[in-house]
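Please open the model in your viewer and keep the selection tool at hand.

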Amino acid sequence: MPANSIDRPPVVDAGPAARSPFVRLAELLADIAPGKPALSLAVGEPQHAMPGFVGEVLAANLSGFGRYPAGKGLPSFRKAAADWSARRYTLPRPLDPEREVLVLNGSREGLFSAAILARRLASPEKQKAPRVLLPNPFYAAYGAGAEAAGCESVPLPLPEGGGWLPDLDALTPELLNRTVAIYLASPANPQGTIAPRDYLARLVTIARAHDVMVLSDECYSEIWLGEEAPTGILEVAGPDYAKVVAFNSLSKRSSLPGLRCGFCAGDAAFMEAFAEFRNVAAPQVPEPIQHVGIAAFADEAHVTASRDLYKAKFDLADRLLAGRFGYSRPDGGFFLWLDVSAVGGGEQAALTLWRREGIRTVPGGYLCRSDAQGRNPGTNYLRVALVHDLATTEDALARLVVGLS
Ligand SMILES: Cc1ncc(COP(=O)(O)O)c(C=O)c1O
């Protein structure tokens with residue numbers, strides 16, 4: 001067995017997996033006045049202009065608010081999501097909108113409830129001590145999903161020098177034989193790592209060999225900062241998408257976090273059971289919202305403009321943060337993941353920035369769980385969301401440098 005292998009959960013972190021980092025942040029900063037006009041770089045909530053057609057499409061479809069929407073989503077929405085996927089990715093074959101696509105009320109609720117279904121569908125052998133694997137750091141909904149599913153969540157270390165991706169060699173058969181699902185985000189939140197195609201292909205092969213569902217969080221798929229668009233997991237999951245579901249959303253792609261519209265696509269057998277489960281358990285998506293989704297997936301101009309704005313903000317970061325806090329331009333996403341060990345670690349840095357500069361950021365440790373030795377891989381880091389316009393971002397980065405100096 002390799003030295004870095006995992007055959008039991010290395011979790012000793014206090015508290016539930018499902019605690020919100022933002023609630024913890026509110027507790028940390030409670031009763032402390034911001035030193036300057038407050039600016040939040042904490043929540044990953046894009047503040048770019050939303051596409052111009054949103055109001056128009058809503059107005060044209062207002063009567064839809066008078067109907068309960070079908071759980072699966074409008075056929076026209078599912079077709080729009082399938083068509084977009086076929087344009088965006090090199091798929092082994094087009095998705096079948098009827099059997100392989102479901103609308104979501106944003107990707108979060110889908111990511112959460114998929115763990116519950118993965119556990120339900122798992123073999124009797126796996127039911128004895130079911131586990132869900134998470135990257136570490138991870139999006140809190142994965143931990144909440146694992147918890148709601150009655151599964152032990154196993155945070156996977158992201159080895160140094162391993163590009164911040166879980167080490168696939170550390171997934172032992174002993175662990176995988178008890179695992180019902182694995183979550184992965186590419187581009188990752190917060191590090192922005194984009195999983196290479198061969199990594200994704202290997203993950204799918206390993207998961208299939210051990211009957212593990214791969215829940216691939218692709219909500220940052222359209223925010224890449226280099227030349228190449230990220231590979232989607234469905235591209236390497238041919239011919240039938242077995243054991244794989246990809247999740248996407250308009251929150252980041254179209255700067256519509258308040259719209260609550262996304263979709264998931266993949267394994268037809270899983271999707272059939274998911275649709276049935278969601279019919280009694282999940283929030284539906286109002287029809288007018290789905291019509292906005294159809295229009296948004298048909299338009300790339302606003303997506304390109306938004307991506308260019310993120311690139312311009314990272315050009316600023318390249319200039320202002322060069323040589324500081326271990327900064328290097330991420331592959332994708334819109335977060336800075338700064339090594340602030342020299343200024344006391346993530347919590348201390350978040351406190352200092354708030355007190356001195358009024359800037360709200362998230363201590364990296366709040367996005368992670370501790371390992372068996374009690375080490376939290378995020379302790380030395382600070383997450384900073386570059387979600388504002390260029391001028392606000394320039395000002396914020398300058399304040400960040402001053403505040404932490
Ligand atoms: C990694 C990751 N996944 C999923 C989501 C959920 O986004 P939404 O529910 O708006 O699609 C977020 C939101 O911040 C995220 O950062």
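Begin by selecting helix H13, residues 301-320, together with helix H15, residues 390-403. In this predicted model, the crossing of H13 and H15 is right-handed. Their axes come within 10 Å and cross at roughly 25 degrees. Angles under 35 degrees count as roughly parallel, and H13 and H15 are therefore roughly parallel to each other.

Next, display the side chains at this contact. On H13, select Leu309, Ala312, Lys313, Leu316, Ala317 and Leu320. On H15, select Leu390, Thr393, Glu394, Leu397, Ala398 and Val401. Which classes of residue form the contact of H13 with H15? There are 9 nonpolar residues, 1 polar residue and 2 charged residues.

Now turn to a second pair of helices. Select helix H5, residues 107-121, and helix H7, residues 140-148. The axes of H5 and H7 lie 7 Å apart, and the two helices pack at an angle of about 30 degrees. That angle makes H5 roughly parallel to H7. The crossing of H5 and H7 is right-handed.

To see where H5 and H7 meet, colour Arg108, Leu111, Phe112, Ser113, Ala114, Ala115 and Ile116 in H5. Then colour their counterparts in H7, namely Ala141, Tyr142, Ala144, Gly145, Ala146 and Ala148. By class, the contact of H5 with H7 consists of 10 nonpolar, 2 polar and 1 charged residues.

How many residues surround the ligand? There are 14, and the closest are Gly106, Ser107, Arg108, Ser249 and Ser251. H5 gives the most to this shell, with 3 residues. The shell around the ligand comprises 5 nonpolar, 7 polar and 2 charged residues.

Finally, move to a sheet. Strands of a sheet pair through backbone hydrogen bonds, either parallel or antiparallel. Select strands S9, S12 and S11, which form, in that order, an open sheet of 3 strands with antiparallel pairing. Strand S9 (335-339) and strand S11 (362-363) are the edge strands, and each pairs on one side only.

Zoom in on S9 and strand S12, residues 381-385. These two strands run antiparallel and are joined by 5 bridges. Which residue of S12 is the bridge partner of Leu338? Select Leu382 in S12 to display that partner.

Terms used:
Residues numbered from 1 in each chain as written. Predicted model: local features only at pLDDT ≥ 70, side-chain atom pairs only at ≥ 80, totals over all residues. Axes fitted to C-alpha atoms, helices over the stretch in contact; angles between N-to-C directions. Helix = DSSP H or I, 4+ residues; strand = E, 2+ residues; numbered from the N terminus. Parallel < 35°, antiparallel > 145°, perpendicular 65-115°, else oblique. Left-handed = near helix turned anticlockwise from the far one by under 90°. Contact = placed C-beta atoms within 7 Å. Nonpolar A, V, L, I, M, F, W, Y, C, P; charged D, E, K, R; others polar. Near = placed C-beta within 6 Å. Pairing = 2+ DSSP bridges.
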